[in-house]
Amino acid sequence: IIFSLSLFFSGPSPLAIMFLTAALPWLAVLLGWQISKMPTLEPEARVLGPLPELIQNSRLAGAERLFEGQAVGPESFAEDAQGWIYTGLTDGRIIRFKEDAKSFEVFTRTGPELPSCGSLEMEPVCGRPLALHFDKAGNLIVCDAYKGLLSIDQKGNIQPLAVEAEKQPFMLLNGLAITPDGTIYFTETSRRWTRNQILYESFEARPTGRLMSYNPQTREVKVLARNMFFPNGLALSRDAQKLLIVSTTSAEVLQYDLRSGKLSTLASNLPGIPDNITPHPDKARKTFLVGLGTRRAKPFSLPHFLAPHPWAKVLLGKLVPYSLIVALVPKHSFVLELSEEGEILDTWQDPTGRTPWISEVHFTEKYAYLGSWCNPFVARVPAYVFAFEKAQPASKSA
């Protein structure tokens, strides 16, 4: 095949055409063999709303990088009473650091320490800690994509809280929120795919996710909502009566009423692919900050284009390597401010690609830390970059 192609591209001579014609059946066999090795994808056709417009800015373009090459995938952050900032990494480590420190320390790991930890293939063994929050007792509550819902004491000792619901092992835990009464709410992004197969979940875009709760007193896990599209980050409303839930593949933020059990849409057709959501640090403002990994706006968005075309999703998922698809996605990420009514108030963007794939923003007195599911560093900007009092409309639907 390679010989035939080289002859053809050096000049379409009769000999080259003959060899290429003979090679085509073998090429088809190899292609079919490659496709047969891949998991079966069953994407559904979805028609999304028209692409929104996005008013571009560069407020996050000058972000500082910490621990570059040493901390891969700092998805989410939590801070304890002593000022330690915690985050989970792709190799299963949970690290912590002080705001002015030039290095970090390993607090614990959710799996064994192996040389191959950090690769997609080893994630189920090594663990992948995602969302994390402290409870009232000072324990770090963690959603590990593979290991389940965990409680980690101040010495780094891990106690599994839940690994299944309705006698079904979890597939991909993701988001986390804790109410004042201690109840833990969390999302399961998919019932079909694990985190190291997240690309297939994104392509299929089928509603298999769940919202669940864990009662620390009874140790009971309840399934509160099912058939959700890629439920991801969670945040508690100011009055602690609702949960805000990011739906990544739908580009939406949902709300779940804890009193009525009703699930509804708060904001739709977002101008980016949303990941995590956190309450605004100024409680009087009553808004939320959403991390968006890449833009989804005019003039073009690959996820939006693929949504109604299952065949295109299958071809991409089967034939194009994961790393190449990630590399082709525009490196334009941002943070979006959302009101309690679902109105987009403002955005803080980095269109330069210096800090792509923003998942979350976490504030301290001096800095705003920018999480990411894959960046090999912790990013931060001075807190004053988020000039909230100057917020203006940042996007609109077409």
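**Strand E23**

Both faces of E23 are covered: Ser333, Val335, Glu337 and Ser339 on one side, and Phe334, Leu336 and Leu338 on the other, are all buried (buried means under 20% relative accessible area, exposed over 50%, partly exposed in between, with a 1.4 Å probe and protein chains only). In a regular strand the side chains alternate between the two faces of the sheet. E23 spans residues 333-339, and seven of its seven residues are buried. Strands (E, at least two residues) are DSSP runs, numbered from the N terminus.

This is a predicted model, where local features need pLDDT of at least 70, side-chain atom pairs count only at pLDDT 80 or more, and totals for chains, interfaces and linings use all residues. Residues are numbered from 1 along each chain as its sequence is written, and side-chain values use heavy atoms, with hydrogens and water left out.

E23 pairs antiparallel with E22 (residues 287-295) over six bridges; pairing requires at least two DSSP bridges between two strands. Phe334 is the bridge partner of Leu292. The hairpin of E23 and E24 has four residues between the strands, and Gly342 takes a positive phi near 90°.

Leu336 and Leu338 are among the residues touching the most other members of the largest nonpolar core, which has 18 residues (a set of buried Ala, Val, Leu, Ile, Met, Phe, Trp, Tyr and Cys residues joined through side-chain atoms within 4.5 Å). E18, E20, E22 and E23 each give two or more residues to this core. Apart from it lies another core, of 16 residues, including Trp348.
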